[in-house]
Amino acid sequence: MEFSNPLSIGDFYYLRKFSGAMKNPRTKFNDVKFIEGGENYLCHYLANNVGPVDETRRKFIKGLVIGIGAIAAASVLDAARGLQVPLAGTSAFQKMLLVDSTGAAVKGSSVPVNNPIIVLYEYPLTDEINFLFNLGDTSNNPVTLSSSTVTVPQDGHTYTFPGGVGPKQSIVSYSAICQHLGCKPPNIHFYPPAYMKTGMPFPAFLPQDAITAAQSANVPGVIHCDCHGSTYDPYHGASVLTGPTQRPLPFTVLEWDSSTDQLYATGSVGVPVYGHTNTLTGGTGLSGTSTTAANSVNPFP
Ligand code: FES
């Protein structure tokens with residue numbers, strides 16, 4: 001969400017309380033009712049679950065309507081898309097070279113460690129975006145990512161995260177579409193160790209429970225979704241650290257060619273990409289033999 005004016009302290013805490021209410025199953029925010037009722041629904045919801053809506057709060061709420069409206073609409077449309085008859089998709093995962101915006105191959109040794117800028121590429125279907133990370137420790141030294149077991153809280157089943165690739169085995173990739181309701185960057189993104197703090201504005205709003213969960217998991221950074229607060233552990237297969245998501249982010253398999261330093265996307269592991277019953281169907285397959293990993297935005301102030 002973006003606001004044209006800085007938030008007051010009062011609005012900030014009001015927003016935090018609102019975020020908590022949205023995550024609470026007993027006071028769940030209804031995206032569909034919001035789209036139907038707009039500001040009326042929001043005011044009613046806030047008055048009942050967050051606090052009084054007086055005149056001084058009106059301007060703030062108008063900004064909220066714009067921000068939440070975009071998020072909610074995207075969520076509902078993504079959910080609806082998942083219900084449509086699947087398009088052809090693609091028959092198998094292709095091996096695709098990662099290139100930069102100039103068309104040059106992305107080199108594993110050149111991927112910035114703990115990059116705060118969101119880097120995205122499409123794979124295996126058009127419009128299905130993935131993060132590219134080179135994960136580091138608190139000193140920004142690359143962290144060797146070993147294989148680990150990922151549990152899917154939704155049904156308890158497990159699968160193996162194969163670990164990182166590249167010169168330091170620190171490079172990984174995940175679907176950039178939140179498994180809760182399909183929010184996309186910049187609402188969901190990586191928080192490098194230097195940005196693991198509260199008090200930043202959206203889309204860099206990190207709640208304390210995400211930081212506490214990261215500390216319990218002994219990891220220096222997280223992927224967090226501002227929409228409703230889901231948090232994922234990028235150092236261990238994007239496993240779930242905090243809900244409401246019940247599914248980890250799908251792991252996009254990368255291959256690193258040590259002789260050329262080039263990176264390839266070759267597959268996907270874990271649950272299907274959000275909005276799909278099968279990661280390969282429900283969209284349009286990419287054409288060609290390469291996909292562009294481009295800088296998106298820097299979500300941090
Ligand atoms: S879409 Fe709800 S937490 Fe991400």
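Predicted model: local features only at pLDDT ≥ 70, side-chain atom pairs only at ≥ 80, totals over all residues.
In soluble globular proteins, nonpolar side chains tend to be buried together. In the present model, the largest nonpolar core comprises 53 residues, among which Phe131, Cys178 and Val222 touch the most other members. When neighbours within four places in sequence are set aside, the contacts of Phe131 are with Val119, Leu120, Ser173, Tyr174, Ala176 and Phe190.

The bond from Pro185 to Pro186 is cis, with omega near 10 degrees, and Pro186 is situated in the loop that runs between β6 (171-175) and β7 (188-191). Gly243 and Pro244 are likewise joined by a cis peptide bond, for which omega is about 15 degrees; Pro244 belongs to the loop between β10 (239-242) and β11 (251-257).

Positive phi values in residues other than glycine are found at Asp127, where phi is about 70 degrees, and at Asn218, where phi is near 60 degrees. Asp127 lies in the loop between β2 (119-122) and β3 (129-134), and it counts as exposed because it has 11 C-beta neighbours inside 10 Å, the cut-off for exposure being 12 or fewer. Asn218 is placed in the loop between α5 (208-217) and β8 (222-225), and, with 9 C-beta neighbours inside 10 Å, Asn218 therefore also counts as exposed.

Note on methods:
Residues numbered from 1 in each chain as written. Core = buried A, V, L, I, M, F, W, Y, C linked by C-beta atoms within 7 Å. Buried ≥ 20, exposed ≤ 12 C-beta atoms within 10 Å, placed from the backbone. Contact = placed C-beta atoms within 7 Å. Helix = DSSP H or I, 4+ residues; strand = E, 2+ residues; numbered from the N terminus.
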